[in-house]
Amino acid sequence: GGCALSSVDPLEPPPMLRASHGLSHRAATGATIGPMPRNPLLTVDVLRSAPGTVWQDRQIMPPALLATTSFWTDWMQPRGFVSWAGIIVGRDGSQVVCLEVYDRPGGASTGLRRVDLLARLAPHLSRAWRLGKTARASLQHGATRFSVAPSEPHPAASPAVDVAGAPGVIR
């Protein structure tokens, strides 16, 4: 299968691909980072859902209807994908950040296993997104280091990263 981390502005299509794996050789090399085809599964209801919400294609659109869309015939089918799931990772202004997972026939991550995996990943994906936003904001304001306080009290030191990406520790 494959996956894509994309940001979607519900008012201004198309979605913007931020990172991907397994979508195509060109995607793996970063050559297709940029606009993606509009995905009819990313409905207003999906995009308005809370971070951590997992969606499957069959929850949103009957398979027969999905098969009639250009997204299916021009994008999913030529790549050999047979199903889709997505998780809302976070929001950045009007942009909704989501991880989309595409499966090929016989994929091990179909159905309940896929939903369970994405549901278990949800808090980690959301935290990673928040950390990235904190880092970008800190660096935009001239910081050379930033630290992130754990969401729950923890006796260990807080992680820190300098501008060059070198790990550090704040005690």
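**Reading the predicted model**

Modeller: This is a predicted model. Over residues 152–171 the pLDDT stays under 50. The model still has 30 contacts there beyond four places in sequence.

Colleague: What does the chain average?

Modeller: A pLDDT of 74, with 73% of the residues at 70 or above. Residues 25–33 are below 50, and that stretch has eight contacts beyond near neighbours in sequence.

Colleague: Why is S126 called buried?

Modeller: Its relative accessible area is 9%. Buried means under 20%, so S126 qualifies.

Colleague: How do you know that S126 makes a polar contact with V89?

Modeller: The S126 side chain reaches the backbone oxygen of V89 at 3.0 Å. The cut-off is 3.5 Å, so the pair is within it. S126 is also in contact with P51 and G52. S126 itself lies in helix α6, residues 111–140.

Colleague: Why are β2 and β3 called edge strands?

Modeller: The open sheet runs β2-β1-β5-β4-β3, with antiparallel pairing. β2 (16–21) and β3 (54–56) each have a single partner strand, so one side of each has no neighbour in the sheet.

Colleague: How do you know that β1 and β2 pair?

Modeller: They share five bridges, antiparallel. Pairing needs at least two, so they count as paired.

Notes:
Residues numbered from 1 in each chain as written. Predicted model: local features only at pLDDT ≥ 70, side-chain atom pairs only at ≥ 80, totals over all residues. Heavy atoms only, no water. Helix = DSSP H or I, 4+ residues; strand = E, 2+ residues; numbered from the N terminus. Buried < 20%, exposed > 50% of the residue type's maximum accessible area, 1.4 Å probe, protein only. Polar contact = N/O pair within 3.5 Å; in protein donor to acceptor, adjacent residues only side chain to side chain. Contact = heavy atoms within 4.5 Å. pLDDT = per-residue confidence, 0-100.
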